[in-house]
Amino acid sequence: MLKKFKGLNQFFHLAQNKVNLTFSPFVVTIDKQVLQVMQASDDDIPNLLMLEQKVYSGYMPWDELSFRTELNKKKNTLYLVVYHVSTLIAFIGVRFRSREAHITNIAVAPEFQHQHVGTFLMQLMIERARQNGSECVSLEVRVDNELAQKFYQLLGFEATFIRKNYYQDIATDALNMVLWLKPHQVNKRKKLKF
Ligand SMILES: CC(C)(COP(=O)(O)OP(=O)(O)OC[C@H]1O[C@@H](n2cnc3c(N)ncnc32)[C@H](O)[C@@H]1OP(=O)(O)O)[C@@H](O)C(=O)NCCC(=O)NCCS
């Protein structure tokens with residue numbers, strides 16, 4: 001295809017509001033660990049469940065059906081897994097809405113936490129959201145998960161509002177956090193102070 005038509009093609013792609021969900025697997029070294037990053041498939045579900053169990057000490061917010069449903073929303077969801085040799089050590093999921101990229105899930109195996117794997121995955125998805133023209137990246141985090149909130153704040157996320165009883169099975173509220181990628185109007189009534 002001629003170069004000028006390639007540009008046009010990109011314009012039509014954005015005009016149709018289609019998000020780019022293609023992903024080529026790659027190998028990356030983070031804190032001296034060689035890791036493989038790839039798109040998740042149904043085959044990863046047993047490993048995802050095992051990792052979730054380890055990360056949340058037995059409590060499993062997502063069951064097999066939740067993972068299977070999310071992984072098969074091929075039109076607007078990008079789900080990545082990270083392997084160290086043959087062990088799943090991290091994952092992240094994002095759902096692209098019309099103007100917003102929503103992080104649905106992220107976890108890093110306890111023995112790999114605090115080694116910048118989480119930051120790497122978040123930055124990868126934030127960059128993808130930027131490329132897809134998202135105005136913001138949003139997420140929910142348990143109000144009592146202060147470590148994760150600090151982690152998101154370091155990435156530039158701001159606390160916005162509380163979703164009451166969001167995690168119904170454990171009767172816990174969620175804090176909604178947003179990272180703005182484009183200029184926006186702040187809703188002062190909703191913005192929370194910490
Ligand atoms: C939250 C989570 C994804 C962060 O991933 P990670 O790979 O450990 O994070 P990083 O190493 O990139 O940390 C970046 C910064 O966040 C902060 N941070 C992350 N984990 C922390 C911890 N356990 N204790 C204190 N600070 C922490 C630190 O400031 C860190 O920067 P530094 O290492 O330069 O001091 C990971 O800890 C995790 O899986 N937690 C359990 C599951 C969870 O809570 N998921 C979020 C649900 S909303």
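How far is an oxygen atom of the ligand from an N or O atom in the side chain of Gln113? The distance is 3.5 Å. That just meets the polar contact cut-off, a pair of N or O atoms within 3.5 Å.

First, the ground rules. This is a predicted model, where local features need pLDDT of at least 70, side-chain atom pairs count only at pLDDT 80 or more, and totals for chains, interfaces and linings use all residues. Residues are numbered from 1 along each chain as its sequence is written, and side-chain values use heavy atoms, without hydrogens or water.

A backbone N or O atom of His114 is 2.8 Å from a ligand oxygen. A polar backbone atom of Gly118 is 2.7 Å from a ligand oxygen. Alone, the ligand exposes 900 Å², and the protein buries 79% of that (Shrake-Rupley, 1.4 Å probe).

Next, the shell. It has 20 residues, each with a heavy atom within 4 Å of the ligand. Val108, His114, His116, Gly118 and Thr119 are the closest. Eleven are nonpolar, seven polar, Gly counting here, and two charged.

Where do they come from? α5 gives the most, five residues. Helices here are DSSP H or I runs of at least four residues. Domain 1 (20-134) and domain 2 (138-194) each supply at least three, with bounds from an automatic or database assignment.

Technical notes. Polar contact = N/O pair within 3.5 Å; in protein donor to acceptor, adjacent residues only side chain to side chain. Helix = DSSP H or I, 4+ residues; strand = E, 2+ residues; numbered from the N terminus.
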